[in-house]
Amino acid sequence: MILNSRTEKDLSAIFIIFGGTGDLTHRKLMPGLYNLIYDQLLPEHFSIVSIGRRDKTSEEYRDEIYKALIKFSRNEIDSEYWNRLREKIHYYRFDFRDMSGYDDLKTYLDKMDIKEKTKGNKVFYLAVAPEYFETIVEGIQISNMANRKDAWSRLVIEKPFGKDLKTASKLNERILEAFHEKDIYRIDHYLGKEMIQNIMVLRFTNLIFESLWSNKFIDNVQITLSEKHGVGTRGGYYEHSGAIRDMIQNHIIQILSLVAMEPPINLNTDSIRNEKLKVIQAIEDITPEFLRNNVIFGQYDQGIIDGEKVIAYRDEINVPKDSNTETFVALKLQVNNFRWAGTPFYIRTGKRLGSTSAEIVVQFKSLPNILYFKDHNMQEPNLLVIRIQPNVGVFFQFNTKDFNTHNDIVTNKMDTSHISHSQGNTPEAYERLIYDILRGDSTLFSRWDEVEAAWIFADEIIKYREQKRVQFPNYESGTFGPMRSFELLARDGREWWKI
Ligand SMILES: NC(=O)c1ccc[n+]([C@@H]2O[C@H](COP(=O)([O-])OP(=O)(O)OC[C@H]3O[C@@H](n4cnc5c(N)ncnc54)[C@H](OP(=O)(O)O)[C@@H]3O)[C@@H](O)[C@H]2O)c1
(Lines give C-alpha, C1' and ligand atoms only; values in the text may rest on other atoms or scores of the structure.)
Protein backbone atom coordinates (compact mmCIF):
# COMPACT_ATOMS: atom_id res chain seq x y z
CA MET A 1 0.00 0.00 0.00
CA ILE A 2 1.45 3.38 -0.93
CA LEU A 3 0.16 6.06 1.33
CA ASN A 4 0.57 9.71 0.71
CA SER A 5 2.58 10.79 3.73
CA ARG A 6 2.71 14.51 3.20
CA THR A 7 4.95 15.19 6.17
CA GLU A 8 6.74 13.02 8.66
CA LYS A 9 4.82 13.34 11.89
CA ASP A 10 5.27 11.78 15.27
CA LEU A 11 2.38 9.33 15.55
CA SER A 12 3.09 8.16 19.13
CA ALA A 13 -0.22 7.69 20.91
CA ILE A 14 -2.53 5.50 22.95
CA PHE A 15 -5.33 4.15 20.79
CA ILE A 16 -8.32 3.60 23.09
CA ILE A 17 -11.11 1.47 21.67
CA PHE A 18 -14.47 1.65 23.42
CA GLY A 19 -16.10 -1.58 22.23
CA GLY A 20 -12.89 -3.62 22.07
CA THR A 21 -14.75 -6.94 22.27
CA GLY A 22 -17.13 -6.04 19.45
CA ASP A 23 -17.49 -7.10 15.84
CA LEU A 24 -16.02 -3.94 14.31
CA THR A 25 -12.86 -4.20 16.40
CA HIS A 26 -12.32 -7.84 15.48
CA ARG A 27 -13.15 -7.59 11.80
CA LYS A 28 -11.72 -4.22 10.88
CA LEU A 29 -9.87 -2.21 13.50
CA MET A 30 -7.44 -4.88 14.68
CA PRO A 31 -6.73 -6.17 11.15
CA GLY A 32 -6.20 -2.53 10.16
CA LEU A 33 -3.74 -1.99 13.02
CA TYR A 34 -1.94 -5.26 12.25
CA ASN A 35 -1.50 -4.30 8.60
CA LEU A 36 -0.22 -0.87 9.57
CA ILE A 37 2.43 -2.50 11.74
CA TYR A 38 3.17 -4.92 8.89
CA ASP A 39 3.65 -1.96 6.54
CA GLN A 40 5.87 -0.32 9.17
CA LEU A 41 3.51 2.59 9.55
CA LEU A 42 2.91 2.42 13.29
CA PRO A 43 5.35 4.19 15.58
CA GLU A 44 7.45 2.49 18.21
CA HIS A 45 5.69 4.27 21.05
CA PHE A 46 2.15 3.11 20.52
CA SER A 47 -0.35 1.29 22.75
CA ILE A 48 -3.83 -0.05 22.22
CA VAL A 49 -6.27 -0.12 25.12
CA SER A 50 -9.38 -2.12 24.32
CA ILE A 51 -12.35 -1.57 26.58
CA GLY A 52 -15.14 -4.10 27.08
CA ARG A 53 -17.47 -5.30 29.78
CA ARG A 54 -16.57 -8.95 29.68
CA ASP A 55 -14.27 -10.42 32.24
CA LYS A 56 -11.00 -11.46 30.62
CA THR A 57 -7.28 -10.92 30.94
CA SER A 58 -5.15 -9.11 28.41
CA GLU A 59 -3.60 -12.47 27.52
CA GLU A 60 -7.00 -14.00 26.76
CA TYR A 61 -7.99 -10.94 24.79
CA ARG A 62 -4.80 -11.06 22.71
CA ASP A 63 -5.46 -14.73 21.85
CA GLU A 64 -8.93 -13.77 20.69
CA ILE A 65 -7.55 -10.99 18.51
CA TYR A 66 -4.98 -13.37 17.01
CA LYS A 67 -7.82 -15.64 15.85
CA ALA A 68 -9.64 -12.67 14.37
CA LEU A 69 -6.53 -11.56 12.49
CA ILE A 70 -6.10 -14.98 10.93
CA LYS A 71 -9.65 -14.73 9.67
CA PHE A 72 -9.82 -11.11 8.59
CA SER A 73 -6.35 -9.72 7.85
CA ARG A 74 -5.49 -9.07 4.19
CA ASN A 75 -1.85 -9.99 4.91
CA GLU A 76 -0.89 -13.35 6.35
CA ILE A 77 -0.01 -13.27 10.01
CA ASP A 78 3.72 -13.13 10.43
CA SER A 79 4.82 -14.01 13.96
CA GLU A 80 7.36 -11.19 14.12
CA TYR A 81 4.80 -8.49 13.35
CA TRP A 82 2.09 -10.16 15.41
CA ASN A 83 4.37 -10.24 18.46
CA ARG A 84 5.10 -6.57 17.99
CA LEU A 85 1.38 -5.80 17.90
CA ARG A 86 0.54 -8.26 20.66
CA GLU A 87 2.68 -6.53 23.24
CA LYS A 88 1.00 -3.22 22.47
CA ILE A 89 -2.53 -4.54 23.13
CA HIS A 90 -4.11 -4.23 26.59
CA TYR A 91 -7.58 -5.18 27.72
CA TYR A 92 -9.36 -2.91 30.19
CA ARG A 93 -12.61 -4.07 31.74
CA PHE A 94 -15.06 -1.29 32.37
CA ASP A 95 -18.78 -0.56 32.01
CA PHE A 96 -18.76 2.79 30.29
CA ARG A 97 -22.16 3.72 31.73
CA ASP A 98 -20.49 3.92 35.12
CA MET A 99 -19.44 7.58 35.33
CA SER A 100 -17.30 6.99 38.41
CA GLY A 101 -15.06 4.65 36.39
CA TYR A 102 -13.64 7.32 34.06
CA ASP A 103 -11.25 8.71 36.68
CA ASP A 104 -9.75 5.24 37.12
CA LEU A 105 -9.44 4.89 33.37
CA LYS A 106 -7.63 8.23 33.22
CA THR A 107 -5.19 7.13 35.93
CA TYR A 108 -4.58 3.88 34.02
CA LEU A 109 -3.95 5.76 30.76
CA ASP A 110 -1.67 8.32 32.42
CA LYS A 111 0.50 5.56 33.85
CA MET A 112 0.63 3.79 30.52
CA ASP A 113 1.52 7.02 28.79
CA ILE A 114 4.59 7.46 30.98
CA LYS A 115 5.62 3.81 30.67
CA GLU A 116 5.17 3.60 26.89
CA LYS A 117 6.35 7.16 26.14
CA THR A 118 3.26 7.95 24.09
CA LYS A 119 3.54 11.70 24.82
CA GLY A 120 0.01 12.18 26.14
CA ASN A 121 -1.50 11.77 22.66
CA LYS A 122 -4.78 9.87 22.54
CA VAL A 123 -7.26 8.53 20.03
CA PHE A 124 -10.67 7.74 21.51
CA TYR A 125 -12.34 5.35 19.10
CA LEU A 126 -16.06 4.81 19.77
CA ALA A 127 -16.73 1.37 18.28
CA VAL A 128 -19.99 1.06 20.18
CA ALA A 129 -23.71 1.38 19.54
CA PRO A 130 -24.66 5.01 18.81
CA GLU A 131 -26.78 5.36 21.95
CA TYR A 132 -23.53 5.30 23.97
CA PHE A 133 -21.72 8.05 22.05
CA GLU A 134 -22.88 10.89 24.30
CA THR A 135 -22.33 8.94 27.53
CA ILE A 136 -18.73 8.15 26.64
CA VAL A 137 -17.97 11.67 25.48
CA GLU A 138 -19.35 12.96 28.77
CA GLY A 139 -17.15 10.50 30.71
CA ILE A 140 -14.08 11.62 28.75
CA GLN A 141 -14.97 15.24 29.45
CA ILE A 142 -15.66 15.00 33.18
CA SER A 143 -12.48 13.05 33.82
CA ASN A 144 -10.47 15.61 31.84
CA MET A 145 -8.90 12.90 29.73
CA ALA A 146 -8.78 14.90 26.52
CA ASN A 147 -7.53 18.25 27.73
CA ARG A 148 -3.76 18.19 27.73
CA LYS A 149 -2.25 21.34 26.30
CA ASP A 150 1.00 19.61 25.33
CA ALA A 151 -0.64 16.70 23.48
CA TRP A 152 -3.44 15.98 21.04
CA SER A 153 -6.69 14.06 21.66
CA ARG A 154 -8.89 12.90 18.80
CA LEU A 155 -12.36 11.44 18.85
CA VAL A 156 -13.46 8.90 16.24
CA ILE A 157 -17.17 8.33 15.80
CA GLU A 158 -18.61 5.45 13.82
CA LYS A 159 -21.75 5.75 11.73
CA PRO A 160 -24.62 6.34 12.18
CA PHE A 161 -24.07 9.95 13.25
CA GLY A 162 -27.59 10.57 14.58
CA LYS A 163 -30.80 9.16 13.21
CA ASP A 164 -32.05 12.44 11.81
CA LEU A 165 -30.99 16.09 11.72
CA LYS A 166 -32.28 16.75 15.23
CA THR A 167 -30.48 13.88 16.95
CA ALA A 168 -27.33 14.45 14.89
CA SER A 169 -27.27 18.17 15.88
CA LYS A 170 -27.74 17.30 19.52
CA LEU A 171 -24.96 14.73 19.41
CA ASN A 172 -22.73 17.18 17.63
CA GLU A 173 -23.32 19.93 20.19
CA ARG A 174 -22.51 17.49 22.96
CA ILE A 175 -19.28 16.39 21.30
CA LEU A 176 -18.21 19.97 20.62
CA GLU A 177 -18.32 20.63 24.37
CA ALA A 178 -15.48 18.14 24.76
CA PHE A 179 -13.56 18.23 21.44
CA HIS A 180 -12.74 20.83 18.78
CA GLU A 181 -14.22 20.23 15.34
CA LYS A 182 -10.70 19.65 13.96
CA ASP A 183 -10.25 16.75 16.41
CA ILE A 184 -13.50 14.98 15.53
CA TYR A 185 -13.23 12.20 12.96
CA ARG A 186 -16.66 11.11 11.70
CA ILE A 187 -16.08 7.83 9.93
CA ASP A 188 -17.53 7.11 6.54
CA HIS A 189 -15.52 4.04 5.65
CA TYR A 190 -16.41 4.42 1.97
CA LEU A 191 -14.11 7.43 1.88
CA GLY A 192 -11.22 5.15 2.85
CA LYS A 193 -11.66 3.05 -0.29
CA GLU A 194 -8.97 3.62 -2.87
CA MET A 195 -11.32 4.15 -5.82
CA ILE A 196 -13.31 6.77 -3.95
CA GLN A 197 -10.13 8.72 -3.41
CA ASN A 198 -9.34 8.07 -7.05
CA ILE A 199 -12.42 10.00 -8.22
CA MET A 200 -10.64 13.30 -7.60
CA VAL A 201 -7.41 12.05 -9.14
CA LEU A 202 -9.20 10.85 -12.28
CA ARG A 203 -11.03 14.11 -12.69
CA PHE A 204 -8.32 16.59 -11.82
CA THR A 205 -5.32 14.96 -13.47
CA ASN A 206 -6.89 14.05 -16.84
CA LEU A 207 -7.71 16.79 -19.29
CA ILE A 208 -9.90 14.49 -21.36
CA PHE A 209 -12.23 13.87 -18.44
CA GLU A 210 -12.22 17.18 -16.61
CA SER A 211 -12.77 19.28 -19.72
CA LEU A 212 -15.89 17.23 -20.52
CA TRP A 213 -17.09 16.99 -16.90
CA SER A 214 -20.31 19.02 -17.07
CA ASN A 215 -23.88 19.21 -18.28
CA LYS A 216 -22.57 20.24 -21.73
CA PHE A 217 -21.10 16.78 -22.37
CA ILE A 218 -22.47 14.41 -19.77
CA ASP A 219 -25.92 12.97 -20.36
CA ASN A 220 -26.39 11.43 -16.91
CA VAL A 221 -24.54 9.92 -13.98
CA GLN A 222 -25.58 6.67 -12.28
CA ILE A 223 -24.41 5.63 -8.84
CA THR A 224 -25.20 2.07 -7.73
CA LEU A 225 -24.29 0.53 -4.37
CA SER A 226 -25.81 -2.94 -4.36
CA GLU A 227 -25.53 -5.83 -1.94
CA LYS A 228 -26.43 -9.47 -2.36
CA HIS A 229 -26.74 -10.11 1.34
CA GLY A 230 -29.79 -9.37 3.43
CA VAL A 231 -29.89 -7.97 6.94
CA GLY A 232 -28.89 -11.28 8.52
CA THR A 233 -28.93 -10.99 12.30
CA ARG A 234 -28.98 -7.18 12.19
CA GLY A 235 -32.73 -6.88 11.56
CA GLY A 236 -33.26 -5.01 14.84
CA TYR A 237 -30.70 -2.37 13.87
CA TYR A 238 -31.94 -2.15 10.29
CA GLU A 239 -35.55 -1.61 11.35
CA HIS A 240 -34.42 1.73 12.83
CA SER A 241 -32.27 2.53 9.86
CA GLY A 242 -33.49 1.47 6.41
CA ALA A 243 -31.60 2.11 3.21
CA ILE A 244 -31.84 5.91 3.33
CA ARG A 245 -30.11 6.25 6.69
CA ASP A 246 -27.81 3.30 6.07
CA MET A 247 -26.51 4.26 2.63
CA ILE A 248 -27.93 7.47 1.14
CA GLN A 249 -27.34 9.97 3.95
CA ASN A 250 -23.68 9.07 4.22
CA HIS A 251 -21.90 6.99 1.55
CA ILE A 252 -23.95 7.98 -1.49
CA ILE A 253 -24.06 11.68 -0.70
CA GLN A 254 -20.30 11.61 -0.15
CA ILE A 255 -19.74 9.88 -3.51
CA LEU A 256 -22.09 12.29 -5.26
CA SER A 257 -20.23 15.27 -3.83
CA LEU A 258 -16.86 13.94 -5.05
CA VAL A 259 -18.22 13.28 -8.53
CA ALA A 260 -19.87 16.69 -8.85
CA MET A 261 -17.57 19.03 -6.89
CA GLU A 262 -15.61 21.92 -8.39
CA PRO A 263 -11.82 21.61 -8.28
CA PRO A 264 -10.65 22.76 -4.85
CA ILE A 265 -8.09 25.57 -4.76
CA ASN A 266 -5.60 23.19 -3.15
CA LEU A 267 -5.59 19.77 -1.50
CA ASN A 268 -6.04 21.05 2.03
CA THR A 269 -8.75 19.32 4.02
CA ASP A 270 -11.00 22.34 4.28
CA SER A 271 -10.61 23.33 0.63
CA ILE A 272 -11.85 19.89 -0.42
CA ARG A 273 -14.63 19.77 2.15
CA ASN A 274 -15.82 23.27 1.16
CA GLU A 275 -16.32 22.16 -2.44
CA LYS A 276 -18.05 18.93 -1.42
CA LEU A 277 -20.41 20.85 0.83
CA LYS A 278 -21.43 23.19 -2.03
CA VAL A 279 -22.60 20.17 -4.04
CA ILE A 280 -24.82 18.89 -1.24
CA GLN A 281 -26.24 22.37 -0.81
CA ALA A 282 -26.96 22.57 -4.56
CA ILE A 283 -29.15 19.46 -4.59
CA GLU A 284 -32.56 20.53 -5.83
CA ASP A 285 -35.32 21.38 -3.35
CA ILE A 286 -37.16 18.37 -2.07
CA THR A 287 -40.74 19.32 -2.93
CA PRO A 288 -43.79 17.04 -2.74
CA GLU A 289 -43.63 16.83 -6.52
CA PHE A 290 -39.99 15.73 -6.40
CA LEU A 291 -40.84 13.04 -3.86
CA ARG A 292 -43.81 11.77 -5.89
CA ASN A 293 -41.90 11.57 -9.15
CA ASN A 294 -38.30 10.85 -8.32
CA VAL A 295 -38.12 8.52 -5.33
CA ILE A 296 -38.76 4.77 -5.39
CA PHE A 297 -38.73 2.55 -2.32
CA GLY A 298 -38.46 -1.22 -2.19
CA GLN A 299 -38.34 -4.10 0.24
CA TYR A 300 -37.07 -7.55 -0.65
CA ASP A 301 -39.20 -10.63 -0.92
CA GLN A 302 -37.87 -14.17 -0.89
CA GLY A 303 -35.93 -15.31 -3.95
CA ILE A 304 -32.84 -17.09 -5.19
CA ILE A 305 -29.30 -15.80 -4.70
CA ASP A 306 -26.34 -17.83 -5.96
CA GLY A 307 -28.64 -20.82 -6.39
CA GLU A 308 -29.84 -20.68 -2.78
CA LYS A 309 -33.32 -19.82 -1.64
CA VAL A 310 -33.34 -16.78 0.65
CA ILE A 311 -36.13 -15.45 2.86
CA ALA A 312 -38.08 -12.21 2.63
CA TYR A 313 -37.07 -9.19 4.74
CA ARG A 314 -40.24 -9.55 6.81
CA ASP A 315 -39.17 -13.09 7.75
CA GLU A 316 -35.73 -12.04 9.02
CA ILE A 317 -34.96 -12.21 12.76
CA ASN A 318 -36.22 -9.18 14.72
CA VAL A 319 -38.20 -7.82 11.78
CA PRO A 320 -41.99 -7.40 12.23
CA LYS A 321 -44.21 -9.20 9.73
CA ASP A 322 -45.73 -5.88 8.64
CA SER A 323 -42.45 -3.94 8.51
CA ASN A 324 -42.57 -0.83 6.38
CA THR A 325 -38.78 -0.38 6.29
CA GLU A 326 -37.18 0.15 2.90
CA THR A 327 -34.32 -2.14 1.88
CA PHE A 328 -34.02 -0.41 -1.50
CA VAL A 329 -34.12 3.19 -2.70
CA ALA A 330 -33.78 4.67 -6.16
CA LEU A 331 -33.64 8.42 -6.74
CA LYS A 332 -33.32 10.84 -9.57
CA LEU A 333 -31.92 14.19 -8.57
CA GLN A 334 -30.49 17.36 -10.01
CA VAL A 335 -27.51 19.28 -8.74
CA ASN A 336 -28.64 22.80 -9.46
CA ASN A 337 -25.47 24.68 -10.21
CA PHE A 338 -23.90 26.00 -13.41
CA ARG A 339 -21.90 22.87 -14.05
CA TRP A 340 -24.69 20.34 -13.60
CA ALA A 341 -28.14 21.85 -14.09
CA GLY A 342 -30.09 19.59 -16.45
CA THR A 343 -27.90 16.49 -16.05
CA PRO A 344 -29.71 13.95 -13.87
CA PHE A 345 -27.98 11.88 -11.24
CA TYR A 346 -29.65 8.50 -10.81
CA ILE A 347 -28.91 6.71 -7.57
CA ARG A 348 -29.87 3.28 -6.32
CA THR A 349 -28.92 1.14 -3.40
CA GLY A 350 -30.37 -1.95 -1.82
CA LYS A 351 -30.00 -5.31 -0.18
CA ARG A 352 -30.60 -8.76 -1.67
CA LEU A 353 -29.93 -7.47 -5.17
CA GLY A 354 -28.43 -9.47 -8.03
CA SER A 355 -24.82 -8.53 -7.23
CA THR A 356 -22.64 -6.95 -4.61
CA SER A 357 -20.96 -4.03 -6.20
CA ALA A 358 -20.39 -0.31 -6.09
CA GLU A 359 -19.87 1.69 -9.22
CA ILE A 360 -20.37 5.07 -10.82
CA VAL A 361 -21.33 5.22 -14.49
CA VAL A 362 -20.78 8.50 -16.32
CA GLN A 363 -22.65 8.47 -19.63
CA PHE A 364 -21.47 11.06 -22.11
CA LYS A 365 -23.84 12.66 -24.60
CA SER A 366 -24.17 11.13 -28.05
CA LEU A 367 -22.91 12.83 -31.19
CA PRO A 368 -25.42 13.85 -33.86
CA ASN A 369 -26.42 10.88 -36.04
CA ILE A 370 -25.32 12.58 -39.24
CA LEU A 371 -22.38 10.54 -40.48
CA TYR A 372 -21.85 7.03 -39.25
CA PHE A 373 -25.07 6.39 -37.44
CA LYS A 374 -27.33 8.08 -39.94
CA ASP A 375 -28.98 4.94 -41.31
CA HIS A 376 -29.03 2.83 -38.18
CA ASN A 377 -29.52 4.63 -34.95
CA MET A 378 -27.10 2.29 -33.15
CA GLN A 379 -24.71 4.69 -31.52
CA GLU A 380 -23.29 3.49 -28.21
CA PRO A 381 -22.36 6.38 -25.97
CA ASN A 382 -18.99 6.87 -24.35
CA LEU A 383 -19.14 5.50 -20.85
CA LEU A 384 -16.70 5.99 -18.04
CA VAL A 385 -17.27 3.55 -15.21
CA ILE A 386 -15.52 4.02 -11.90
CA ARG A 387 -15.55 0.63 -10.23
CA ILE A 388 -15.30 0.82 -6.47
CA GLN A 389 -15.87 -2.79 -5.38
CA PRO A 390 -15.43 -5.72 -5.72
CA ASN A 391 -13.79 -4.80 -9.03
CA VAL A 392 -11.49 -1.86 -8.58
CA GLY A 393 -10.47 0.32 -11.49
CA VAL A 394 -11.80 2.16 -14.50
CA PHE A 395 -13.77 1.01 -17.51
CA PHE A 396 -14.05 3.17 -20.62
CA GLN A 397 -16.18 2.56 -23.69
CA PHE A 398 -15.60 4.18 -27.09
CA ASN A 399 -16.31 3.51 -30.77
CA THR A 400 -13.90 2.44 -33.51
CA LYS A 401 -14.05 0.98 -36.98
CA ASP A 402 -14.74 -2.72 -37.27
CA PHE A 403 -11.79 -4.12 -39.25
CA ASN A 404 -13.62 -7.35 -39.98
CA THR A 405 -16.49 -5.94 -41.97
CA HIS A 406 -14.76 -2.81 -43.41
CA ASN A 407 -17.94 -0.83 -42.82
CA ASP A 408 -19.26 -1.23 -39.35
CA ILE A 409 -18.48 0.57 -36.15
CA VAL A 410 -17.73 -1.43 -33.02
CA THR A 411 -17.71 -0.45 -29.41
CA ASN A 412 -14.40 -0.98 -27.66
CA LYS A 413 -14.18 -1.52 -23.94
CA MET A 414 -11.03 -0.69 -22.04
CA ASP A 415 -11.03 -2.02 -18.54
CA THR A 416 -8.25 -1.47 -16.02
CA SER A 417 -10.20 -3.03 -13.19
CA HIS A 418 -9.34 -6.15 -11.28
CA ILE A 419 -11.12 -8.07 -8.56
CA SER A 420 -9.97 -6.96 -5.14
CA HIS A 421 -11.50 -9.08 -2.43
CA SER A 422 -10.01 -6.88 0.22
CA GLN A 423 -12.09 -3.99 -1.10
CA GLY A 424 -15.30 -5.87 -0.23
CA ASN A 425 -15.96 -5.36 3.40
CA THR A 426 -12.66 -3.86 3.71
CA PRO A 427 -10.08 -3.61 6.43
CA GLU A 428 -7.98 -1.78 3.88
CA ALA A 429 -10.20 1.28 4.09
CA TYR A 430 -9.83 1.17 7.86
CA GLU A 431 -6.05 0.96 7.61
CA ARG A 432 -5.99 4.12 5.61
CA LEU A 433 -8.45 5.85 7.92
CA ILE A 434 -6.63 4.84 11.13
CA TYR A 435 -3.35 6.03 9.65
CA ASP A 436 -4.91 9.37 8.74
CA ILE A 437 -6.34 9.76 12.25
CA LEU A 438 -2.86 9.27 13.70
CA ARG A 439 -1.40 11.77 11.24
CA GLY A 440 -4.15 14.27 12.00
CA ASP A 441 -5.41 14.35 8.42
CA SER A 442 -9.21 14.54 8.42
CA THR A 443 -9.72 14.91 4.65
CA LEU A 444 -11.37 11.48 4.39
CA PHE A 445 -13.79 12.14 7.24
CA SER A 446 -17.00 14.13 7.19
CA ARG A 447 -17.09 17.66 8.56
CA TRP A 448 -20.19 18.59 10.58
CA ASP A 449 -21.64 20.94 7.96
CA GLU A 450 -21.45 18.15 5.35
CA VAL A 451 -23.23 15.75 7.72
CA GLU A 452 -25.81 18.43 8.50
CA ALA A 453 -26.51 19.21 4.84
CA ALA A 454 -26.83 15.50 4.08
CA TRP A 455 -29.33 15.08 6.91
CA ILE A 456 -31.40 18.03 5.70
CA PHE A 457 -31.74 16.20 2.38
CA ALA A 458 -32.22 12.70 3.84
CA ASP A 459 -34.73 13.81 6.49
CA GLU A 460 -37.18 14.93 3.81
CA ILE A 461 -37.04 11.56 2.10
CA ILE A 462 -37.32 9.68 5.39
CA LYS A 463 -40.37 11.73 6.39
CA TYR A 464 -41.99 10.93 3.06
CA ARG A 465 -41.13 7.26 3.49
CA GLU A 466 -42.75 7.17 6.90
CA GLN A 467 -45.98 8.70 5.64
CA LYS A 468 -46.22 6.67 2.47
CA ARG A 469 -47.45 3.10 2.54
CA VAL A 470 -45.92 1.13 -0.28
CA GLN A 471 -47.07 -2.39 -1.07
CA PHE A 472 -44.11 -4.28 0.40
CA PRO A 473 -42.44 -6.60 -0.44
CA ASN A 474 -42.12 -5.35 -3.99
CA TYR A 475 -39.00 -7.00 -5.39
CA GLU A 476 -37.76 -10.53 -5.49
CA SER A 477 -34.37 -11.24 -3.93
CA GLY A 478 -31.70 -11.65 -6.60
CA THR A 479 -33.21 -9.04 -8.95
CA PHE A 480 -32.28 -5.36 -9.16
CA GLY A 481 -35.15 -3.86 -7.22
CA PRO A 482 -38.74 -2.95 -8.01
CA MET A 483 -39.93 -2.38 -11.57
CA ARG A 484 -40.61 1.26 -10.78
CA SER A 485 -36.88 1.82 -10.44
CA PHE A 486 -36.47 0.81 -14.09
CA GLU A 487 -39.42 2.97 -15.07
CA LEU A 488 -37.77 5.96 -13.39
CA LEU A 489 -35.12 5.93 -16.14
CA ALA A 490 -37.31 4.54 -18.94
CA ARG A 491 -39.49 7.63 -18.55
CA ASP A 492 -36.44 9.69 -19.57
CA GLY A 493 -35.53 7.33 -22.42
CA ARG A 494 -32.65 5.87 -20.40
CA GLU A 495 -31.79 2.66 -18.60
CA TRP A 496 -29.57 1.54 -15.76
CA TRP A 497 -26.24 0.48 -17.21
CA LYS A 498 -25.11 -2.96 -16.23
CA ILE A 499 -21.48 -3.19 -17.22
N1 LIG B 1 -19.60 -4.23 12.71
C2 LIG B 1 -19.44 -3.56 11.62
O3 LIG B 1 -19.03 -4.08 10.58
C4 LIG B 1 -19.74 -2.08 11.58
C5 LIG B 1 -19.63 -1.39 10.36
C6 LIG B 1 -19.86 -0.01 10.33
C7 LIG B 1 -20.19 0.64 11.50
N8 LIG B 1 -20.32 -0.05 12.68
C9 LIG B 1 -20.65 0.69 13.90
O10 LIG B 1 -19.65 0.43 14.86
C11 LIG B 1 -20.22 0.43 16.15
C12 LIG B 1 -19.92 -0.89 16.84
O13 LIG B 1 -20.50 -1.96 16.12
P14 LIG B 1 -20.18 -3.48 16.42
O15 LIG B 1 -20.79 -4.25 15.31
O16 LIG B 1 -18.75 -3.69 16.71
O17 LIG B 1 -21.04 -3.73 17.77
P18 LIG B 1 -20.98 -4.96 18.76
O19 LIG B 1 -20.37 -6.15 18.12
O20 LIG B 1 -22.33 -5.08 19.35
O21 LIG B 1 -19.97 -4.46 19.91
C22 LIG B 1 -20.35 -3.57 20.91
C23 LIG B 1 -19.21 -3.36 21.87
O24 LIG B 1 -19.63 -2.43 22.87
C25 LIG B 1 -19.32 -2.97 24.13
N26 LIG B 1 -20.27 -2.51 25.13
C27 LIG B 1 -21.62 -2.42 25.00
N28 LIG B 1 -22.14 -1.90 26.13
C29 LIG B 1 -21.09 -1.65 26.96
C30 LIG B 1 -20.97 -1.09 28.25
N31 LIG B 1 -22.05 -0.66 28.91
N32 LIG B 1 -19.76 -0.96 28.79
C33 LIG B 1 -18.65 -1.39 28.13
N34 LIG B 1 -18.69 -1.92 26.89
C35 LIG B 1 -19.90 -2.06 26.32
C36 LIG B 1 -19.40 -4.46 23.98
O37 LIG B 1 -18.65 -5.03 25.02
P38 LIG B 1 -19.04 -6.46 25.67
O39 LIG B 1 -19.13 -7.38 24.51
O40 LIG B 1 -17.89 -6.77 26.55
O41 LIG B 1 -20.35 -6.29 26.34
C42 LIG B 1 -18.76 -4.61 22.60
O43 LIG B 1 -17.35 -4.55 22.72
C44 LIG B 1 -21.71 0.71 15.95
O45 LIG B 1 -21.92 2.10 16.06
C46 LIG B 1 -21.96 0.26 14.54
O47 LIG B 1 -23.06 0.93 13.95
C48 LIG B 1 -20.09 -1.40 12.74
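**View 1. Overall fold of the chain, with 15 helices and 18 strands.** The model shown is predicted. The radius of gyration of the chain is 24 Å, close to the 23 Å that the globule rule gives for 499 residues, so the chain is as compact as a globular protein of that length. The C-alpha trace spans about 80 × 50 × 45 Å along its principal axes. Of the 499 residues, 43% are buried. Contacts between residues at least 6 apart in sequence join, in 80% of cases, residues at least 24 apart.

**View 2. An open sheet of six strands with parallel pairing.** The strand order is β3-β2-β1-β4-β5-β6. Strands β3 (89–93) and β6 (184–186) are at the edges and have a single partner strand each, so one side of each lacks a neighbour in the sheet. On average, neighbouring strands of this sheet are turned by 20° against each other, direction ignored.

View 3. Strand β5 (residues 153–157) runs parallel to β6 and is joined to it by three bridges. Leu 155 has Ile 184 in β6 as its bridge partner. Helix α2 (residues 58–72) packs on the sheet, where it touches β2 (46–52) and β3. The direction of helix α2 makes about 120° with that of β3.

**View 4. The shell of 19 residues around the ligand.** Gly 19, Gly 22, Asp 23, Leu 24 and Gly 52 come nearest to the ligand. Helix α1 (residues 23–38) gives the most to this shell, contributing three residues.

How values were computed:
Residues numbered from 1 in each chain as written. Predicted model: local features only at pLDDT ≥ 70, side-chain atom pairs only at ≥ 80, totals over all residues. Near = placed C-beta within 6 Å. Helix = DSSP H or I, 4+ residues; strand = E, 2+ residues; numbered from the N terminus. Rg over C-alpha atoms; globule rule 2.2 N^0.38 Å. Buried ≥ 20, exposed ≤ 12 C-beta atoms within 10 Å, placed from the backbone. Contact = placed C-beta atoms within 7 Å. Pairing = 2+ DSSP bridges. Axes fitted to C-alpha atoms, helices over the stretch in contact; angles between N-to-C directions.
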